[in-house]
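These are my notebook entries on one structure, kept in the order in which I looked things up. The structure itself comes before the entries.

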Amino acid sequence: ELMVFVFAIGYTMSALFLTQRHYNPFGDHLLTAVVVLSAAYGSVISIIFLNRSYYSLGFIATFVILSFIGTLVVEQWKAKEFSRRQFRLVSFGNEGALRNDPRINSLLYAPEDLNRADPEDLVVIPLTKELSPEWRSAIADFASRGGDIVDSERFIETQTGRISVDKDGLDLISVQQSVNRYAPLKRLLDLSISSLALVVLLIPMLIVGILISLTSAGFPIFFQRRIGLRGMEFTIFKFRTMVDKGSDRDLTEDDRITRVGYFLRRWRIDEWPQFFNVLRGEMSLVGPRPEQARLVKLYAEQIPYFNLRHRVRPGITGWAQIHHGHTSTIQAAHKKTEYDLYYLKYFSFVLDLTIMVQTVIVLITGRGSK
């Protein structure tokens with residue numbers, strides 16, 4: 001039956017994403033599952049209704065309720081199992097901060113220690129270091145028993161969601177390959193989703209524009225020059241959330257935010273006009289946030305690899321935005337750049353989908369709004 005088949009596809013896709021999604025340091029695993037299942041089943045039900053296929057409300061309700069309950073139970077179980085897992089660090093005496101990392105439960109100093117390790121443990125080892133035959137043999141034996149081994153560098157990246165800008169070398173080849181492989185599909189998705197979003201949001205955007213015009217003087221759309229793909233300048237569009245600078249120069253930036261502006265910022269509605277930037281090819285749905293030219297010049301002088309973020313189109317939302325939020329200092333920009341480098345290295349459809357799901361969660365919880 002078509003309804004059963006479509007729901008099975010929706011459930012399978014949501015399950016695959018929940019298995020492959022990128023690490024979420026906020027621990028929103030249950031909320032992530034709810035958002036993913038809601039999106040999957042919302043799409044499935046829409047397809048059934050729009051196709052005017054036969055459907056049973058009883059079946060839909062039963063399937064959705066049972067799959068929600070089952071998925072949430074499994075997610076909770078997975079979280080508990082992960083929290084009980086032991087992390088063992090193979091020590092060669094130069095692990096630095098990783099040696100004192102709270103996630104590391106114990107150190108392994110010799111191949112014999114690895115031979116005695118439980119296969120349920122996850123062993124962290126600096127694989128870039130030249131290993132002796134004894135260590136290679138112990139690693140192969142541990143893996144053959146079903147044990148998991150991860151490179152120490154990748155362990156830090158996946159646990160923090162960042163790549164240090166202070167490291168001696170960055171895997172630029174990996175970044176270039178991932179960008180070249182996924183960029184064409186990403187552009188197609190950008191065009192499809194932004195076109196649909198503008199159709200759906202056209203009337204709401206007109207209403208927002210009218211409200212801004214009625215509550216404060218000035219044009220409802222705010223224009224600003226930003227730096228985008230390959231360092232090229234473009235004009236970004238946003239709903240205006242502040243009163244004009246010339247209206248009262250004694251006001252602070254926070255005081256200049258209008259009542260409507262607070263609401264627009266809280267729900268990220270002020271970003272809606274940027275779907276036009278996406279259509280024009282200046283931005284993407286997901287990517288590093290575009291900065292003003294003066295800030296780009298300042299950050300590029302003080303933050304290694306900063307300009308690498310211009311390798312891809314800037315985004316309406318991004319990995320750095322959901323994890324770090326607004327940036328106002330060099331130190332904050334330094335950390336935010338590390339999130340951007342992680343995005344570039346793991347540039348993929350699954351990471352973009354992870355970011356979009358977590359953006360919904362940010363909107364729900366209000367985390368990082370400004």
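**Entry 1: ground rules.** I am working with a predicted model, in which local features need pLDDT of at least 70 and side-chain atom pairs count only at pLDDT 80 or more, while totals for chains, interfaces and linings use all residues. Residues are numbered from 1 along each chain as its sequence is written, and side-chain values use heavy atoms, with hydrogens and water left out.

**Entry 2: the whole chain.** I found 13 helices and eight strands in the protein chain; helices (H or I, at least four residues) and strands (E, at least two) are DSSP runs, numbered from the N terminus. The C-alpha trace spans about 75 × 60 × 35 Å along its principal axes. Of the 370 residues, 44% are buried, where buried means under 20% relative accessible area, exposed over 50% and partly exposed in between (1.4 Å probe, protein chains only). I also looked up contacts, meaning heavy atoms within 4.5 Å. Among contacts with a separation of 6 or more, 71% are between residues 24 or more positions apart.

**Entry 3: nonpolar cores.** I took a nonpolar core to be a set of buried Ala, Val, Leu, Ile, Met, Phe, Trp, Tyr and Cys residues joined through side-chain atoms within 4.5 Å. Which members of the largest nonpolar core touch the most other members? In this core of 45 residues, they are Phe239, Leu264, Phe275, Trp319, Tyr343, Leu351 and Ile355. Helix α7 (residues 172–215) gives the most to this core, namely nine residues. Another core lies apart from it and has 11 residues, including Val123, Leu131, Trp135 and Phe142. I then followed Ile355: beyond its neighbours within four places in sequence, Ile355 contacts Val286, Thr317, Gly318, Trp319, Ile322 and Tyr343.

**Entry 4: helix α6.** In helix α6 (residues 152–160), the buried residues are Ser152, Phe155, Glu157 and Gln159. They pack against α3 (57–84), β1 (87–90), β3 (122–125), β4 (148–151) and α12 (330–345). Just after α6, I noted a positive phi of about 75° at Gly161.

**Entry 5: salt bridges.** My search of the whole structure gave 18 salt bridges, each a side-chain nitrogen of Lys or Arg within 4 Å of a carboxyl oxygen of Asp or Glu. In the pair Arg21 and Glu75, the closest N and O atoms are 2.8 Å apart. Arg21 lies in the loop between α1 (2–20) and α2 (29–50) and Glu75 in helix α3, so the pair ties together parts that are 54 residues apart in sequence. Glu75 is buried, at a relative accessible area of 4%.

Arg85 and Asp148 form a salt bridge at 2.7 Å, N to O. Arg85 is in the loop between α3 and β1 and Asp148 in strand β4, 63 residues apart. Arg85 is partly exposed at 22% relative accessibility, and Asp148 is partly exposed at 37%.
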